[in-house]
Amino acid sequence: MPRLTIDGREIEAAAGRTVMEAATDAGIFIPYFCWHPKLSVPGNCRICVVGVEDKGGEWVEIACNMPVTEGMVVYTNSEKVRARRKATMQFITLNHPVDCGICDKAGECTLQDYHYEYNGERSISVDAKAHATKHYSLSPRIVLDNERCIQCTRCVRFTREISKSNGLGMQNRADHSLVRAVEDGSFANDPYSDNVIDICPVGALLSRSFLHKARVWYLKPTASVCPGCSRGCTVNLWHRRPEWRLRAPGMRAQNETIDRVTPLENPAVNGPWICNKGRDIAKVLGRARAETAMLKGRPAELQGAIAQARSLIAAARKPVAVVSSWASNEELAAFKAALGARFSVLVKADHEPEPGEVVQDDILIRADKNPNTAGARALFGEAPLALPPDADLVLVWGEGLDFGLIPAGAKIVYLNAWLQPENGHADVFFPTSIQTERDGHYTNFAGVTSAFTQCFPRPAGVADAQALFAALAGQAGGGE
Amino acid sequence: MKHLIPEFEKMKERYPEGFESSLVLPCLRRIQEDRGFVAEEDIVALVDYLKVPRIQVEEVLSYYTMLRRKPIGRFHLQACRNIACSMRGAEGVIAHLSRKLGVKPGQTTPDGTFTLTEVECLGSCGTAPVVMVNEAYHENMSTEKLDRLVDELAAGVRAGGK
Ligand code: SF4
Ligand code: SF4
Ligand code: FES
Ligand code: FES
């Protein structure tokens, strides 16, 4: 294991590591644009230069492509390095439009940060900037501003090395290079395409669904888990910061919507990536909600509904429960503790693959389109979903069950978060919360448990499932 | 393109195994020599033959301005506009050709006979200014020589020759 010194700190690095990797492992920061820990090393941006001590004096070279050697002495911030970096920044911004004022990346842009950190001066070029396409549609999901592109090729390498769609390339050359999608259209079908938006170090690749929607500093990320499939990728759900709430009338919806979804890096589950379905999960979570309890389709007070459900449970001879694979481990455990002995319990899939959706691949996407099947099965077993014909009470929890499978004559107690036609067919209906309205955990297909955190308050009239189960079992509490 | 595959197979032998993407450029050159340009069906066939992602072929085609995806005129006049030629009157050469043919650089005459292009140094600075006609160099060009060259080429076409 070679030993080297970086900025006076002696560190040990595995042979074959680069100076960039050794520094990153040791917590020493070296700036980079084109390097990415999960992608190949093109060494094209030159911002990662470091100084290396030598007999003839200090020489500078890029850290991302330099293997460590025994006894190496590296400086990340010498005068020579600072001068070179500054010149490199001048070069990289030579044709950059600096239209941060209208750029969605502003606030989380590496080029902005490095400019303040390593250059800080106006352009020394007297030549007019080269122009390129702005607002170019790279795919139905991604808008490209080619003037902002610094040609790091991260996006291109992502489609070659990670998503393997080979969907992007660099056309032409030099200062008229253009990022372009392959003509056969495969980029539009890349289910991981939106990751290039995150890894673009500048504001060249923009999400159409987030385009000019919010300045990122008005938003706050809440750690969550994508419910889109049993991979259970950890994600950040971005929504308006409470201190920046919009106060104009009619703005409640904007204050309480998910504006964008980004990966929350997690080596145990999804690494730094998520699929496009995860990006769009706000559409699933933003569907119209059920917000009132009902008795046979008529709105009812929550307490009255609880009393009615309790008497149905007490009267049943063969009660069966079909629990949700979108419920949290906490809710499932609460059900088991409160009602597990009274019901025979089956686990259902709330969601099946949609037509046209990628069912499964060998990257992230799993065929089971529910986040917590493993958590539910761990508590209630693997029995297939077959309702016994003599069941006289069926408690259904969550969407996705065909009510035609419920034996005729059986009473139905239904818990659902969404406004759906089945709600009115239940003898007792309870509106329940969704994952953005509570904390909890899901267990993914491989047995890894991840936490999600509440983003928004639970709407009035919506029951908290944990408290509801206790109330249905006759314990204290009233479901709210 | 298919009829060129035996030639491509020979070229392949000069590369280590697994370096199919290195063959993209020589194959495209050969295709263009054969057809005059690279057609969509050539791209599809080449992708299929080399098993490289299509985007790599598109990148190479756009990187090298010598490769074209559209047919051009029968005679490709490439007038050098780089330093040595410019110092010896390249601007005048290009302007004269443009006037005489009635097309701007980058365009083809309506009868499909001539395409005029401006190019960078042709490596013949000692005989500047230089104009290439297809694969042949025409050196020390003057207005008279240009007129003679163009007239002869046009006459050849009219006479049905090559
Ligand atoms: S679009 Fe972004 S990620 Fe792609 S090459 Fe340009 S700067 Fe890099
Ligand atoms: S792979 Fe599954 S869990 Fe991950 S983002 Fe896509 S749908 Fe969500
Ligand atoms: S990060 Fe090293 S050259 Fe770009
Ligand atoms: S500059 Fe014209 S041939 Fe070199």
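**Architecture, cores and salt bridges of the predicted model**

Chain B comprises seven helices and four strands. In this predicted model, the order of these elements along the sequence of chain B is α-α-α-α-β-α-α-β-β-β-α. The C-alpha atoms of chain B occupy a box of roughly 50 × 35 × 25 Å along the principal axes. Of the 162 residues in chain B, 41% are buried. When contacts in chain B between residues at least 6 apart in sequence are considered, 59% join residues at least 24 apart. The accessible surface of chain B amounts to about 9,200 Å², and carbon and sulfur atoms contribute 53% of this area.

Chain A contains 12 helices and 22 strands. Its C-alpha atoms fill a box of roughly 90 × 50 × 45 Å, again taken along the principal axes. Chain A has 480 residues, of which 52% are buried. Among the contacts in chain A with a separation of 6 or more, 63% involve residues 24 or more positions apart. An accessible surface of about 21,500 Å² was computed for chain A, with 53% belonging to carbon and sulfur atoms.

In soluble globular proteins, nonpolar side chains tend to be buried together. The largest nonpolar core of the model consists of 53 residues, and the members that touch the most other members are A:Phe33, A:Leu111, A:Leu138, A:Leu168, A:Val179, A:Val196 and A:Leu205. Several elements of chain A each supply at least two residues of this core, including the helices H2 (79-92), H3 (110-119), H4 (154-161), H5 (195-199) and H8 (281-285). Strands S7 (142-144), S8 (168-171) and S12 (234-240) likewise each supply at least two residues. With residues up to four places away in sequence excluded, A:Val179 touches A:Leu138, A:Leu144, A:Asn146, A:Cys149, A:Cys155, A:Leu168, A:Gly169 and A:Met170.

Residues up to four places away in sequence aside, the contacts of A:His239 are with A:Tyr218, A:Leu219, A:Lys220, A:Thr222, A:Thr257, A:Asp259, A:Cys455 and A:Phe456.

Over all chains, 39 salt bridges were found in the whole structure. In chain A, the side chains of A:Asp145 and A:Arg148 form one such pair, with an N to O distance of 3.4 Å, and both residues are buried. These two residues belong to a network of salt bridges that also links A:Asp99, A:Lys134 and A:Glu147.

In chain B, a salt bridge joins B:Asp42 and B:Arg35, whose closest N and O atoms are 2.8 Å apart. B:Asp42 counts as buried because its relative accessible area is 2%, whereas B:Arg35 is partly exposed because its relative accessibility is 33%. A further salt bridge connects the side chains of B:Glu58 and B:Arg54 at 2.6 Å, N to O. Both B:Glu58 and B:Arg54 are located in helix H4 (residues 54-63) of chain B, at a spacing of four residues, or about one turn of the helix. Each of these two residues, B:Glu58 and B:Arg54, is buried.

Helix H3 (residues 40-50) of chain B includes B:Val44. B:Val44 has a relative accessibility of 47% and so counts as partly exposed. A separation of 38 residues in sequence lies between B:Val44 and B:Asn82, and their C-alpha atoms are 36 Å apart in space.

Methods
Residues are numbered from 1 along each chain as its sequence is written. Chains are lettered from A and ligands numbered from 1 in the order in which they are written. This is a predicted model: local features need pLDDT of at least 70, side-chain atom pairs count only at pLDDT 80 or more; totals for chains, interfaces and linings use all residues. Side-chain values use heavy atoms; hydrogens and water are left out. A nonpolar core is a set of buried Ala, Val, Leu, Ile, Met, Phe, Trp, Tyr and Cys residues joined through side-chain atoms within 4.5 Å. Buried means under 20% relative accessible area, exposed over 50%, partly exposed in between (1.4 Å probe, protein chains only). Contact means heavy atoms within 4.5 Å. Accessible areas come from the Shrake-Rupley method with a 1.4 Å probe; for residues, only the protein chains shown count as cover. A salt bridge is a side-chain nitrogen of Lys or Arg within 4 Å of a carboxyl oxygen of Asp or Glu.
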